[in-house]
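Trainee: Here is a model to work through. Can we take the packing step by step?

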Amino acid sequence: VLEIGARGGLATREIVEGLGSAVHYTVTDTSRLFLDRARQVLGPVCGPILSFALLDPDHDPVMQGFSLHGFDVIVSCNALHRSRNIPVLLKQMSRLLMPGGLVLAPEITRGSPLQAVTVALLEEGYRHLEDQRCDTGQPLLDPEGWERMFIEAGWSSARAVAPSAPE
């Protein structure tokens, strides 16, 4: 399993605990600071099934030391939208995933004023975007937008599943 954009590893711990020890799990982020924090938090708890590596998913993963089609599953929890160019990101992800592999990528699909301020202050706003989001001014994609991006990037199938309404 490869996790893209783990940041401090908050979601990672829950995922790894659910998978058990029969799986090798690679935690990645673009930031050494976040990766070191994840290693400090997760290493003592999750042990030897974890490895940690820097990965900029907007660039060729093979040139960054990752094996072509080396993962059965890619997980990314609310990280894909941080990409400069989602179509390029998805093509790079397909180089990491084995044929027939699975991507699980829960993403925020609706913005809010708090989210807009957070992105503006912490993630340099939206100036870095290089895809259709430049034209729309919206950094987040709705579920249909994610499905369309995956299909346009050459994935054989994609399904965005909205969360259930609270009862």
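Trainee: Which residues have the most contacts inside the largest nonpolar core?

Mentor: This is a predicted model, where local features need pLDDT of at least 70, side-chain atom pairs count only at pLDDT 80 or more, and totals for chains, interfaces and linings use all residues. Residues are numbered from 1 along each chain as its sequence is written, and side-chain values use heavy atoms, without hydrogens and water. A nonpolar core is a set of buried (under 20% relative accessible area, 1.4 Å probe, protein chains only) Ala, Val, Leu, Ile, Met, Phe, Trp, Tyr and Cys residues joined through side-chain atoms within 4.5 Å. The largest has 20 residues, and those with the most contacts inside it are Leu-2, Ile-74, Leu-90, Met-93, Leu-96 and Trp-155.

Trainee: Which element supplies the largest share of this core?

Mentor: β4 (71–75), α3, β5 (97–104) and α6 each supply at least two residues; helices are DSSP runs of H or I, at least four residues, and strands runs of E, at least two. The largest share is 5 residues, from α3.

Trainee: Which residues of α6 does α3 meet?

Mentor: Contact means heavy atoms within 4.5 Å. From α3 come Ile-86, Pro-87 and Leu-90. The contact has 6 nonpolar, no polar and no charged residues. On the α6 side are Trp-146, Met-149 and Phe-150.

Trainee: How are α3 and α6 oriented to each other?

Mentor: Their axes, lines fitted to C-alpha atoms over the stretch in contact, come within 9 Å and cross at roughly 60 degrees. Angles under 35 degrees count as roughly parallel, over 145 as roughly antiparallel and 65 to 115 as roughly perpendicular; the rest are oblique. So α3 and α6 are oblique.

Methods. Axes fitted to C-alpha atoms, helices over the stretch in contact; angles between N-to-C directions. Nonpolar A, V, L, I, M, F, W, Y, C, P; charged D, E, K, R; others polar. Buried < 20%, exposed > 50% of the residue type's maximum accessible area, 1.4 Å probe, protein only.
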